[in-house]
Amino acid sequence: MTSSFSRSWLSLAGLLPVAIATTLFILFLQAVPVIAAGRTLRQVWQWVPGLGVDLSFVIDGLSLTFALLISGIGALVMLYSARYLAGHVHQARFSLLLTSFMLAMLGLVLSDNLLTLFVFWELTTITSYLLIGFDHSAKKARRSALQALLVTGVGGLALLAAIILIGTTAGTFELSELRAMPAILTGSTLYLPILVLVLLAAFTKSAQMPFHFWLPNAMAAPTPVSAYLHSATMVKAGIYLLARMHPSLSGTDVWLWTLTIAGAVTTVFASIMAVRQTDLKLALAYTTLMALGALTLLLGNSTGYAITAAVTFLIVHSLYKAALFLVIGIVDHGTGTREVDRLSGLVRAMPVTAAAAAVAALSMAGFPPFLGFIGKELKYAGALAVASEPVLVAGAVLLSSALMFAVAGIVALRPFWGKAGDPPKPPKEGPWAMLLGPVVLAGLGAFFGIMPSVIATTLVNPTVTAILAEPGEAKPLLLWAGINLPLLLSIATFVLGAFLYALHRPLRRGLIWITQRTPSLDGGWDGFLAGVMAVCRWQTQLLQTGILRRYLFLTFATAFVAMAGTLVAKDAIDLPNLVPDVLPKHGMLFVLIFLGLALTVITQSRIAAIAGLGVVGIGIAMLFILFSAPDVAITQLLVETLIVVLFAAAALRLPHLPRGGSGWRFWDAMLALGLGVTTTAILLMVTASPVDRELTGFFEGASWPEAFGRNIVNVILVDFRALDTFGEIAVVLVAAIGAYALLKGTPERQKK
Amino acid sequence: MEQLLSVLIGALVAGSVFLMLAGHLLRFLFGLILLSNAANLTIFLAGGLTPGAPPLISEGAEGPTGTVANALPQALVLTAIVIGFGLFAFALILAFRAYQTLGTLDTDAMRVAEPEEAQ
């Protein structure tokens, strides 16, 4: 990042994406009343009707919530980036990628057709790859980008497989039709494979354990990208998929337990790892993992409380997390560091940033009256509603929430309060274009907290309805729900969180000590890649030796196996009886050709070989004459003559054949013999069956009446199949031009 | 007759494959010529053999009288011969040019595109 702001950052590349995102946001806002009234919007264009693939898009509660988050946060992030990257050489490229990502993400959440959804899913993977690797001169960025691409790419393949299985099971790729058939997937024998594949896709995309390691590495991307893709939107695509498939796949024990365990492990592990980090951005990255884990955990259930909690927390998290990422970008920009120990007392120089950070952090820590508080209360209510293991689940939520409380303090309070730290640059407040995002997002968190009914009826209820596929399940969003167990748990969270915050320095030292002594999956990733490369190298050296002879041998061997193998496998060998019907004059001709062939194969002399070839060629020309093909014979004679002349001319400048030949090559001879025998066998069978002369009959009948030619072969060539002949002439011409170019450009022999 | 020709084509294929695998560009070219001959004969044979009756229409007639040789494979073979020749000529020049640049016709020694990797 260069900090040299150009005088005006108001460039087209910076502002066009803002305009696009804002327009989309306003358009989606207009759909809110319709959706809140309980209706859905659907638009279909035919794409590949033969395969049942339509460009069908649907707006229901779930997709509208996502679409508003994507376009709304998108607009703010893009305004932020316009300033953040002003004057960067590749600003235009960045804008293009970020806009493409936004559109792909919107397509993903709006698609009603699973195959369309898959296409957009892959598009988000690719744009994410390009954005993580935006700083392509840094090796770390390239590695992280590739890692994210490969991990999420595997998930993409799994998703495609799952979609095909779903399509064959349910007979439709339309999600809305799928939801109308409740038990079609859960009751199917393919349920388990489908579930495993869908979960693989969702867990890789949303970085659940054990596929979590790519997400912290993805922080190599510029801060706006981290704020947008890797906290608020793209990593939630997996969550979206789980929510979308919830009506069709949930309700079984496998679903419940897999999601609960994966979510709980991820959320606890990630919140512990977040405390360990000293880089503010990495700490936030781990809190994103924690949030994704919590969402997965909640989506494992089908109770109204759990789903309402998931939806509310999804909105809360997107608001405060994007705000905090953007804040850290401003801090990084203004001070030149993101190390938590070097930052302190920034509030004096950066009051607005500090205020936005504080509000977002309070929401993240779950204080009233912020939306985060309501989200947390609902999470507890949802966790307690897990019928089988409420203690375990609520415990995981409690521990991660307390750690979240501590991390909120570390990330968003410590850098701004207390006495001044020693950043590399004197801190200065960010420009308004960068402040707007965090201020608006943090402010919305407070506003929705005080007036939860604004989003409850408009977004949360329709989304819960869409996820559970039945209305009336959504629970109310309340700041004050009376004194109940969730409230007590909240108080416990604050106490435990404050305790953890006070102890975070020794805690961090201990965690660093532990993590340095345990193998990480990230390190294992390098080993895995090295292993794959080694297998590739071994396989390449086996097949692609760089020696032409081997390539040819493998090619011919493949042809032999394909032909002979098919004959044997299909039990198609049906040789006719051999009939000795050879006239002596024909027999002589054959003897001649065989001798010419033998001479060519055996001889060590160039001239003898060329003579042998000539004998074979002329012998074949005689065959053409005998069997009524005078035109072919003439051409054959002409070409054979030319070949001999060309060879003779070239041979003068080419070396002799090596003395002693290349020795007796047993396997080459066997392969040659095998191919020869197979060819003969096939031809014997072909000639034993009658020839279909229907086409020839047409040419014979049409030759004179339609084309006025008495030589049928000629008429075919120049009239009925004139375009072929034209192509043939073109081939010869191209060969001639190529040969001319090769000869013309001949240098003297290059000696090394 | 067809059976003998089938054997001949098999022999041509065997000879050409053996030559092409020899690891010497001149022999490879010999093999190439034999292989295109074998392919042409295959097409020709598959259309059926008719001695002494070329596919011509006599003066005043609307079509050929009696059974004449199959015209279609002949037309195809004609095209194939010419294209085979184009291929051969180009391959010959390529070999010639390779010899000028690399100083050898031994294909095992031609490793410019895929040099031997240090193990």
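Where in chain A does P210(A) lie? I looked, and P210(A) sits in the loop between helix 7 (191-205) and helix 8 of chain A. Helices here are DSSP runs (H or I, at least four residues), numbered from the N terminus.

I noted that the model is predicted, with local features needing pLDDT of at least 70, side-chain atom pairs pLDDT 80 or more, and totals for chains, interfaces and linings using all residues. Residues are numbered from 1 along each chain as its sequence is written, chains are lettered from A in the order written, and side-chain values use heavy atoms, without hydrogens and water.

**Backbone.** I checked the bond between M209(A) and P210(A): the peptide is cis, with omega about 0°. Next I found a positive phi of about 65° at S628(A), which is not a glycine. S628(A) is in the loop between helix 24 (606-626) and helix 25 (630-651) of chain A. Most residues other than glycine have a negative phi, and most peptide bonds are trans.

**Helix pair.** I took helix 11 and helix 16 (residues 390-413) of chain A. They pack at about 25°, axes 9 Å apart. That makes helix 11 of chain A roughly parallel to helix 16 of chain A (angles under 35 degrees count). Axes are lines fitted to C-alpha atoms over the stretch in contact, and angles run from 0 to 180 degrees between N-to-C directions.

**Domains.** I asked why the largest pocket lies between domain 1 (11-248) and domain 2 (250-502) of chain A. Both domains give residues to its lining, so it lies between them. The domain bounds come from an automatic or database assignment. A pocket is an open set of points on a 1 Å grid over the protein atoms alone, where a 1.4 Å probe fits, with protein on both sides within 12 Å along at least five of seven lines; lining residues have an atom within 4 Å of a point.

Note on methods: Helices (H or I, at least four residues) and strands (E, at least two) are DSSP runs, numbered from the N terminus. Angles under 35 degrees count as roughly parallel, over 145 as roughly antiparallel, 65 to 115 as roughly perpendicular and the rest as oblique.
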